[in-house]
Amino acid sequence: MEQVKLYDTTLRDGMQGEGMSLSASEKARVVQALDKLGVQMIEAGFPSSNPKEVELFEQLAELRLEQATICAFGMTRRRDASAEDDPALATLVGSFAPVVTLVGKTWSLHLEKVTKVSREENLAMVADSIAFCRAQGKRVVYDAEHFFDGYRDDPGYALECLQAAAEAGAENLALCDTNGSSLPDQIAAATAAVAARLGERVELGIHVHDDAGCGVANSLAAVREGARTVQGTINGYGERCGNANLTSILPALQLKLGFEVVSAEQLASLTETVHFLDELCNVTQNPDAPYVGRNAFAHKGGMHVAGIEADARTFEHIDPALVGNQRNVLPSELSGKATIRDQAERAGLELDDAAAARAVERLKEREHRGYHYEAAPASFELLLRREAGTYQPLFRLESFRVVVEKHAGGEVTTEATIKVEVDGQRYFRAAEGNGPVNALDRALRAAIVDRYPHLADIELTNYKVRILDEAHGTGAVTRVLLDSADGEREWGTIGVSENIIEASWQALVDSLEYAFQPRPERLRA
Ligand SMILES: [Zn+2]
C-alpha cells in the first residue's frame, strides 16, 4: 500500500485560531498525543528566544517519541543579507529539530505589494536559505506560501520558485493555499502540473485552509494528483475558518482512498485523541464533527434505526469502531418500542411491553409540546423510570415564590422562598441569587442538602434558553437545557413551559433527581 504522511501544524497554524493558547507543557502533551496517533511530522513553531519557546523546545528535545519528527518553523532569509548572517535562520539551525520548515513567497502580487522584493531576489532568498539549512545538516520542508493564487496569476514564476527550492535541497515542497481561496479542481490541476515538473525529484505536500469550506476536499484532491504529505491541524483549528482538518483527512485517506497512514489500532484511537485535544485546547467538542462527533453515527428516525439493525451499511458510511466512535440511537418520537427498550437497557432499567408502549406515547406527547431529549438524556432516563416504576422523587413541592426587585439606584436583587417536604420532613427556606433561577436553585438545595448532603457537589455548568415559536398554536414556549456535573459525570436535562421560571425549575429538578436515582449502570449523558 502506498503511504501518505501527516504533517500536523496544530502548534503553529492551529494556535492562530480564536482563543487558542497552550503552555509549553500542554504543547508537549499535544505532541505526545499526536505521536501516539501515528502523525509522522509535527511542527512546533519558531524556536525563538522568548522563555515560553525555549521551554517548549527544551521539553520536546527530551521527549521519547515513537515515530514523529519535530519540525522547527521559520521564514526564508531577509532581503539584502546573506543566509549566514540571518539571525532567525541561525536560531532555526541551532534548534534540536531535525527538520526545518521554511516558508517563502511564490506569488508576484505579494512581492510587489507586500515585501517589495524583486522576483530574482526572491528566488535567491529561497535557494540561499534552504542551501544554508542543508549545509548545517537539516532536512528542509519548503512551504510555498500562496502557491495556488500565485500559480493562477503567473504559473511560470510560481513553478520557478518551487524549482529553486528543490534544487537547493528541500526534500518536500508543500503547496500552500494560504488564503483558502481554491476549489478542488484548481488544486488538482496545479498539483498535477507541479508533479509533472518536479514530482520525480521531491516529495510534494499540501497545506490548505478552509476559507471556502473545501479544506478536506482540497487536501484529498492534491493527494490524488501526487501529494504525499498532508499538512493540517487536529479538528481544523486555525485562524479565520481554520486549517485543513486532519481529523477528517486521516480516515478518508485510510478508509476511502486505501492509503496507509497509521495503523488500524491508531486509527481506532482517533475519537479519543481528538476529544482529549479539544479538552486540552479548551474547545467545545463539535457534536456534528465527521467521524468523531457525538452525532456522527447517531440515528433518530424509526426507519433509520430499523435499517441500521438490518444492516449498518444502510445508513452508516463507515463502521464507527474503525475511528473509535460508536453508534448512538437518539430518543425521538419517531423511535419505536425497540429503541426505547434499548435506551432503558443502557440505563439499567427493565421495561415490559406495556411500559415501553406508554413511554413511546409519553415521548410523542412531550415532543409535541417542545421537549427535545437528544441533548437531555438525563431527563429522558427519568421519563423511562417513571414508566418502569423505579422513579423515586427527591422531595415533594408545596410551593415556591421568586421575587425580583429593581431599586431606584439601578440595583437588582432576587430572592426565592420555597416550601418542600423531604422524607416526611417539611422545610421552609429562602435564598438570594444573582437571578431568579440561581436564587431558586439555592433555596431548593438549602432545603434538601440537610437530608442529601452529596447533592451540594452538583454544579450547573451550562444553562441554555431557547424561545420556540408559536409551533402548536399555544403562543411562544420556552425551552431550557441545563448541563450539570459532579466532577465525575456530566448530564443534561430539559424543561419546557410558557413560563421561563417554570421551564428552568423542571430542568433543575430533573438535574438533582437524576443524580439521586440509584443506578447500576450509567446512561451516557
Ligand atoms: Zn497556513
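This is a predicted model: local features need pLDDT of at least 70, side-chain atom pairs count only at pLDDT 80 or more; totals for chains, interfaces and linings use all residues.
Biologist: Are His 207 and His 209 buried or exposed?

Modeller: Both His 207 and His 209 are buried.

Biologist: Now the strands. In what order do the eight strands close into a barrel?

Modeller: The order is β1-β2-β3-β4-β5-β6-β7-β8, and the pairing is parallel. From one strand to the next, the twist averages 25°.

Biologist: How many bridges join strand β1 to strand β2?

Modeller: Two bridges link β1, residues 5-8, with β2, residues 41-45, and these strands run parallel.

Biologist: How is empty space found?

Modeller: Rolling a probe the size of a water molecule over the atoms shows where empty space is left. In this structure, the second largest pocket has a volume of about 410 Å³.

Biologist: Which residues lie nearest the centre of the second largest pocket?

Modeller: Met 75, Thr 76, Arg 77, Val 103 and Met 125 do, out of 20 lining residues. The elements giving two or more residues to this lining are β3 (69-75), α3 (87-94), β4 (99-105), α4 (108-115) and α5 (119-135).

Biologist: What classes of residue make up the lining of that pocket?

Modeller: Nine residues of the lining are nonpolar, five are polar and six are charged.

Technical notes: Residues are numbered from 1 along each chain as its sequence is written. Side-chain values use heavy atoms; hydrogens and water are left out. On a 1 Å grid over the protein atoms alone, a cavity is a set of points where a 1.4 Å probe fits but cannot get out, and a pocket is an open set with protein on both sides within 12 Å along at least five of seven lines; lining residues have an atom within 4 Å of a point. Grid points are joined across faces, edges and corners, and a volume is the space filled by probe spheres set on the points. Helices (H or I, at least four residues) and strands (E, at least two) are DSSP runs, numbered from the N terminus. Ala, Val, Leu, Ile, Met, Phe, Trp, Tyr, Cys and Pro count as nonpolar, Asp, Glu, Lys and Arg as charged, and the others, Gly among them, as polar. Buried means under 20% relative accessible area, exposed over 50%, partly exposed in between (1.4 Å probe, protein chains only). Two strands pair if DSSP finds at least two bridges between them. Axes are lines fitted to C-alpha atoms, for helices over the stretch in contact, and angles run from 0 to 180 degrees between N-to-C directions.
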